[in-house]
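Welcome! Please take a look at the sequence and the structure shown here, and then read on for a short tour.

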Amino acid sequence: QVQLVESGGGLVQPGGSLRLSCAPSGSIFGINAMAWYRQAPGKERELVARITSGGSTYYLDSVKGRFTISRNNANNSVYLQMNNLKSEDTAVYYCNVAKVGPDYWGQGTQVTVSS
């Protein structure tokens, strides 16, 4: 079965940048959208950014102007460029692929923003 392999998380100081990557291990058919979610301890999961098959994007208000979601249609990879990171961005970030049938989820990658 196809797996979503995430990378790019880590520890960064406030104001720093990270780029998260999500690469499927194989071909995925029937993709409707790709997205990044995050969940901080004691908090509910929230949608951070989403890009549809048509290229439309959505961003959580608190990350607008700082985060950019992009995709590679050839291999279905999805990326999240995160700039000017804040402590409030600290969370486990999960890649998501909405498709025909059950969604695919990445394993999660920790992003910690701290001085």
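## A short tour of the model

At 17% relative accessibility, Asn76 counts as buried, where buried means under 20% relative accessible area, exposed over 50%, and partly exposed in between (1.4 Å probe, protein chains only). This is a predicted model, in which local features need pLDDT of at least 70, side-chain atom pairs count only at pLDDT 80 or more, and totals for chains, interfaces and linings use all residues. Residues are numbered from 1 along each chain as its sequence is written, and side-chain values use heavy atoms, leaving out hydrogens and water.

Asn76 lies in the loop between strand 7 and strand 8; strands (E, at least two residues) are DSSP runs, numbered from the N terminus. Asn84 is found in the loop between strand 8 and strand 9.

| Residue, not a glycine | Positive phi |
|---|---|
| Asn76 | about 65° |
| Asn84 | about 50° |

Asn84 is partly exposed, with a relative accessible area of 42%. Asp89 also has its place in the loop between strand 8 and strand 9, but Asp89 is buried, at 1% relative accessible area. Leaving aside residues up to four places away in sequence, Asp89 touches Arg38, Val63, Arg66, Phe67, Val111 and Val113, a contact being heavy atoms within 4.5 Å.

Note on methods:
Helix = DSSP H or I, 4+ residues; strand = E, 2+ residues; numbered from the N terminus.
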